[in-house]
Amino acid sequence: MKFCTVKQYFDDENNNNVTNGIATTVIPLPNKHLKIKANNKEMEQYEQELLRNVMPQELTKLILAANYLNFKEALDFFCRTVANAIQNKSVDYVRKFFGLESDFEPGEEEKLCKEFAWSFEGVDED
Amino acid sequence: MSFAPEKPENPSPKKRPPSWSDLWLKNTKPLKHVIFTMQLQSLSSPITPTTKNNNNNNNKNTKSPKIPKTQIPISNFPKFPNPNFSYPKSESDPTRKLSDQTLLQILSKLPDSNHNSISLVCKRWLNLQGRLVRTLKLLSWHFLESGRLVFRFPNLTHVDLVSGCFFSPRNSGILLTNRVFSMHLGSGFSTKWNELCEDSLFPVEVIDRGLKMLACGCPNLRKVSVIGASELGVLSLAEECMTLQVLELHMCNDDVLRGIAACTNLQVLRLVGNVDGFYGSLVSDIGLTILAQGCKRLVKLELYGCEGSFDGIKAIGQCCQMLEELSICDHRMDDGWLAGLSYCENLKTLRFQSCKRIDPSPGPEDYLGCCPALERLHLHKCHLRDKKSVGAMFMVCGAVREMVLQDCWGLDNDMFSLASCCRRVEFLSLEGCSLLTTEGLESVILSWKELQSLRVESCKNIKDSEISPSLSTLFSVFKELQWRPDTKSLRPSSVLGIAMGKKGGKFFKRERLFVH
């Protein structure tokens with residue numbers, strides 16, 4: 001099931017989504033998974049090494065590749081990595097990390113901050 | 001299975017007739033149901049709510065593109081272009097290429113404390129983060145009334161409106177808290193507590209309006225708490241939120257309960273009628289009967305400060321066949337109501353909390369009956385001074401397996417001896433029962449042949465020195481014993497661990513077995 005998309009990828013020559021560099025990183029992952037399946041820690045270490053020096057842009061491309069290849073474990077792992085990288089960081093840091101710009105209108109951010117402080121509490125995530 | 005990726009949209013979109021979007025937006029009823037269905041599904045298909053939000057953001061000139069990802073299962077939903085659509089520069093923002101689904105996956109892995117900072121990154125993130133929020137406690141009514149709440153958090157399932165229903169000054173440092181609610185006070189408050197609550201509450205029309213807005217905006221609601229609503233507000237909740245399972249109504253009365261009958265899927269209900277010193281609101285037999293006939297799927301019911309009598313309880317017992325847990329707090333029910341409990345055939349847990357009296361005039365013993373399926377009886381902070389009440393209560397609860405008595409006044413040896421009629425008790429917990437002595441305890445538990453676990457804590461008149469040999473033999477048979485009647489005893493969590501009951505005269509003297 002995991003590999004049918006990969007097969008399609010190889011068959012389909014015309015795709016732009018996954019550049020070769022990314023493919024070489026993502027595709028060996030299933031094999032490694034199978035090998036080190038029992039030992040979670042080793043897998044973690046392997047994955048940590050893999051992503052130690054990756055820039056956010058690369059990370060995004062990796063996510064897109066994993067998404068396209070329908071490779072759930074890798075996708076989950078990359079998402080977790082991104083989440084860990086931006087966890088507990090300030091708004092500006094997160095913006096810089098992704099290269100985003102704030103598209104809020106001038107008063108809007110303040111208004112939102114006020115809402116956070118006074119209008120409600122106890123907000124949990126899913 | 002994933003499909004081959006579609007090419008990104010043509011940068012110069014074809015001119016569509018403007019009436020399409022308008023048509024779609026005007027005719028919102030099918031849209032609402034479609035979105036409702038889609039929201040109920042897992043996060044695998046977020047494109048619909050985003051697109052809906054996209055419309056709301058039309059005038060705000062967002063830059064969020066909608067390049068659909070290939071794995072969205074529901075592909076029938078048309079993508080209609082944002083009139084302010086501009087082709088994204090892929091180099092500048094790597095997250096633009098990520099679908100909402102993927103971004104949601106990332107955001108869902110972040111801890112709750114990051115909620116605020118994540119929401120402030122950009123509008124797209126604000127919307128997506130808002131979509132992940134499920135629980136909310138409202139503090140400012142304006143946030144709901146202005147529509148901001150449902151706009152930002154359309155996927156709410158648990159909402160607590162009680163604190164927000166009061167008109168309270170924002171910067172006040174004075175917090176008035178009762179068991180049941182809490183509110184901030186301005187420094188100019190009068191000392192008439194009775195009026196304080198009603199004066200500070202928003203008018204009922206305002207609350208109903210807010211409820212309707214909430215119900216329409218968040219159709220996936222499962223739990224709502226509100227104070228001062230009327231039956232119209234509750235009806236709008238019932239109509240829009242099919243998944244409503246838990247409802248907490250403060251300042252509830254018989255009229256409000258007329259609206260509850262429409263909540264057919266309700267499983268847990270808490271009604272607060274009278275709160276001593278704050279407000280008085282009448283929930284009587286009429287309301288209880290309406291409730292019984294409307295909410296047949298009720299599993300857990302809590303009646304706080306409610307009136308009523310045998311008829312109301314009987315109606316609940318007969319109609320709510322699935323009722324498993326009943327909590328009675330500070331009740332004002334008419335005498336003779338206890339006998340109604342025997343009609344609750346599937347009741348497993350019965351709780352009394354802060355009751356000043358149980359049932360002073362319960363009627364003849366023959367008519368009391370017994371709750372056939374009852375397993376647990378919990379008494380917490382109750383007055384057990386009246387022998388008739390207590391006797392009747394133990395008779396009705398004759399089948400219990402687990403009995404917990406905590407901080408009950410008036411529970412002396414005589415009173416506790418009435419519990420001998422509960423012959424199937426397997427677990428007993430006594431805490432804060434300061435009138436009970438070892439002798440009183442012994443006389444009851446020796447008659448309970450099925451007792452396996454015992455917990456005694458902070459009962460100062462139960463002395464280790466008064467434990468008789470037969471009692472200590474009994475203790476040695478227990479699966480679990482927690483013995484801390486006074487502060488000097490240490491806590492053995494299991495009998496086996498301290499070699500209790502083993503023949504070991506050389507290690508322990510008999511009378512010192514329980515003191516470590």
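**Legends to the close-up views**

View 1. Buried means under 20% relative accessible area, exposed over 50% and partly exposed in between, with a 1.4 Å probe and protein chains only; packing rests on contacts, that is, heavy atoms within 4.5 Å. Helices (H or I, at least four residues) and strands (E, at least two) are DSSP runs numbered from the N terminus. H11(B) spans residues 231-240, and its buried residues are B:Glu231, B:Gly233, B:Val234, B:Ser236, B:Leu237 and B:Ala238.

The model is predicted: local features need pLDDT of at least 70, side-chain atom pairs count only at pLDDT 80 or more, and totals for chains, interfaces and linings use all residues. Residues are numbered from 1 along each chain as its sequence is written, chains are lettered from A and ligands numbered from 1 in the order in which they are written, and side-chain values use heavy atoms, with hydrogens and water left out.

**View 2. A parallel strand pair in chain B.** Strands E14 (residues 453-457) and E15 (residues 480-484) of chain B run parallel and are joined by 5 bridges; strands pair if DSSP finds at least two bridges between them. B:Ser453 has B:Glu480 in E15(B) as its bridge partner. Between E14(B) and E15(B) the chain passes through helix H18 (residues 469-477) of chain B, in a right-handed β-α-β crossover. Right-handed means that, with the strands pointing away from the viewer, the path from the first strand over the helix to the second runs clockwise.

View 3. A:Ile63 belongs to helix H5 (residues 56-68) of chain A. Is A:Ile63 buried or exposed? A:Ile63 counts as buried because its relative accessible area is 2%. Leaving out residues up to four places away in sequence, A:Ile63 touches A:Leu75, A:Phe78 and A:Val82, and also B:Leu98, B:Thr102 and B:Ile106. A:Asp103 is 40 residues from A:Ile63 along the chain, and the C-alpha atoms of the two are separated by 24 Å.

**View 4. The second largest pocket.** This pocket holds about 470 Å³ of space. It has 21 lining residues, and the closest to its centre are A:Trp118, B:Leu139, B:Ser140, B:Ser168 and B:His184. Two or more lining residues come from each of helix H8 (106-119) of chain A, helix H7 (141-145) of chain B and strand E4 (182-185) of chain B. E4(B) gives the most, with 3 residues. (On a 1 Å grid over the protein atoms alone, a pocket is an open set of points where a 1.4 Å probe fits, with protein on both sides within 12 Å along at least five of seven lines; lining residues have an atom within 4 Å of a point. Points are joined across faces, edges and corners, and the volume is the space filled by probe spheres set on them.)

**View 5. The hairpin of E3(B) and E4(B).** Strand E3 (residues 174-177) of chain B pairs with E4(B) in the antiparallel sense over 4 bridges. The two strands form a hairpin, with 4 residues between them. B:His184 in E4(B) stands opposite B:Leu175.

**View 6. The two chains.** Chain A has 8 helices and 1 strand, whereas chain B has 18 helices and 15 strands. Of the 126 residues of chain A, 40% are buried; of the 516 residues of chain B, 52% are buried.
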